[in-house]
Amino acid sequence: MRLSFLAAAFAAPLVVSASGAGAAEPTRYPLTLQTCGQTITFDRAPSRVVSIGQSSTEILYLLGLADKVVGTALWVGPVIAGYEAVDAKVPRLADNDPSFESVVGKKPDLVTNQYQWQVGPKGVVATNAQFAELKIPVYTSPADCVGKDNSEGGDGLRTSRFTTDLIYQEIEDLARIFDVSERGEVLINDLKAREAAAKKKIASLRSPVSAVFWFSSADLDIDPYVAGSDGAPGYILSVLGITNVIKSEEEWPTVGWETIAKANPTIIVAGEMTRRRFPVDDIAVKKTFLANDPVTRLMPAVQEGRIVPLDAQAMNPTIRTIEGIEVVADAVIKAGLAQ
């Protein structure tokens with residue numbers, strides 16, 4: 001099940017069902033929040049938002065706030081099903097990194113930010129201080145800083161394991177900022193129900209099952225970017241009782257295929273995306289490599305067809321992580337690995 005079913009329920013204008021949410025309190029302004037070590041304050045709900053990061057953008061859409069979004073950037077794949085027409089009306093500043101000038105040019109009274117490497121102490125778009133000088137608050141997803149060290153830049157190092165509670169926190173925070181807390185409750189409750197249902201599908205595994213998550217590679221001749229143990233893929237596997245063969249605390253370490261082959265993962269989860277920073281972003285290129293490389297073609301997971309395409313957004317700590325749990329659970333059942 002994908003997020004498309006939420007598109008009907010959360011398309012703007014949104015009407016909240018009383019049976020789907022509790023009696024959420026209206027936001028009292030001024031509202032002050034802590035976000036990744038920064039303090040931000042709102043005297044009223046923002047009216048112009050630039051969203052840097054697909055997950056943060058999709059959360060805004062799902063909360064019925066698309067009319068507030070005046071620009072987006074950093075896309076990995078297509079927008080969630082049901083929001084194609086909505087997204088088409090929103091200016092896309094860049095598929096990857098927007099310029100600071102393009103963001104500021106939209107005159108936002110809020111910037112939502114998915115990753116500190118975009119906006120943070122060493123942000124490639126800008127630092128928090130640059131936006132603060134212009135009195136533009138930046139809200140950064142807690143999934144990228146709570147229990148995570150980004151001081152060295154790049155994808156960062158997890159100091160504690162990611163859980164979907166961090167995504168629920170982002171939904172709750174954004175709902176409070178915009179005074180739509182009831183909508184946030186509905187969305188969170190639906191996602192929690194989906195997570196529980198996916199976990200329930202697998203009563204038990206027939207034997208120990210392990211996996212590797214392959215996001216992409218800078219080049220086919222270079223070690224692939226695979227998921228460390230403490231990020232979103234690690235959470236997906238822990239929920240389903242599956243072992244991640246990669247034990248690194250890095251978010252996306254590079255690990256050689258010889259090492260991966262020796263670990264002999266039961267399944268290979270391969271990232272599927274429309275992004276094309278690297279040729280290997282293409283799922284077809286991944287599959288061809290696995291079938292023909294002298295090392296990977298001998299892996300039982302390859303020979304027995306246990307390659308699971310997964311939307312790359314579900315591999316990141318995003319609202320799509322729930323979808324990742326569902327897809328992997330279904331693949332394990334289809335492969336006859338669960339009962």
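Before starting, I noted how elements are named: helices (H or I, at least four residues) and strands (E, at least two) are DSSP runs, numbered from the N terminus. I also noted that this is a predicted model.

**Entry 1: Leu310.** I looked for Leu310 and found it in strand S14. Is Leu310 buried or exposed? Its relative accessibility is 1%, and because buried means under 20%, Leu310 counts as buried. I then listed its contacts, skipping neighbours within four places in sequence: Phe213, Val269, Ala270, Gly271, Glu272, Met315, Gly324 and Val327. I also checked Ile283, which is 27 residues from Leu310 in sequence, with 9.3 Å between their C-alpha atoms.

**Entry 2: helix H10.** Ile283 took me to H10, residues 283-292, where Ile283, Lys286, Phe289 and Leu290 are buried. Looking down the axis of H10, I saw these buried residues fall within an arc of 125°, so they line one face of the helix. A reminder to myself: an α-helix has 3.6 residues a turn, so residues three or four places apart point the same way. What do the buried residues of H10 pack against? I wrote down strands S10 (210-216), S13 (267-272) and S14 (307-311), along with helices H9 (257-263) and H11 (300-303).

**Entry 3: H6 and H7.** Next I turned to helix pairs. The axes of H6 (residues 165-177) and H7 (residues 181-201) come within 8 Å and cross at roughly 165°. H6 and H7 are therefore roughly antiparallel, and their crossing is right-handed. On the H6 side I found Tyr168, Ile171, Glu172, Ala175 and Arg176 in the contact, and on the H7 side Ser181, Gly184, Leu187, Ile188, Leu191, Lys192 and Glu195. These contact residues divide into six nonpolar, two polar and four charged.

**Entry 4: H7 and H13.** I followed H7 to helix H13 (residues 321-334): their axes come within 9 Å and cross at roughly 15°. H7 and H13 are therefore roughly parallel, with a left-handed crossing. Here Leu191, Arg194, Glu195, Ala198 and Lys201 of H7 meet Ile322, Glu323, Ile325, Glu326, Ala329, Asp330 and Ile333 of H13. I sorted this contact into six nonpolar, no polar and six charged residues.

**Entry 5: helix H2.** How many residues of H2 (residues 54-62) are buried? I found nine of its nine, so to speak a mostly covered helix. Among them are Glu58, Ile59, Leu60 and Tyr61. Just after H2, I noted that Gly64 takes a positive phi of about 75°.

Terms used: Residues numbered from 1 in each chain as written. Predicted model: local features only at pLDDT ≥ 70, side-chain atom pairs only at ≥ 80, totals over all residues. Heavy atoms only, no water. Axes fitted to C-alpha atoms, helices over the stretch in contact; angles between N-to-C directions. Parallel < 35°, antiparallel > 145°, perpendicular 65-115°, else oblique. Left-handed = near helix turned anticlockwise from the far one by under 90°. Contact = heavy atoms within 4.5 Å. Nonpolar A, V, L, I, M, F, W, Y, C, P; charged D, E, K, R; others polar. Buried < 20%, exposed > 50% of the residue type's maximum accessible area, 1.4 Å probe, protein only. Arc of directions from axis to C-beta.
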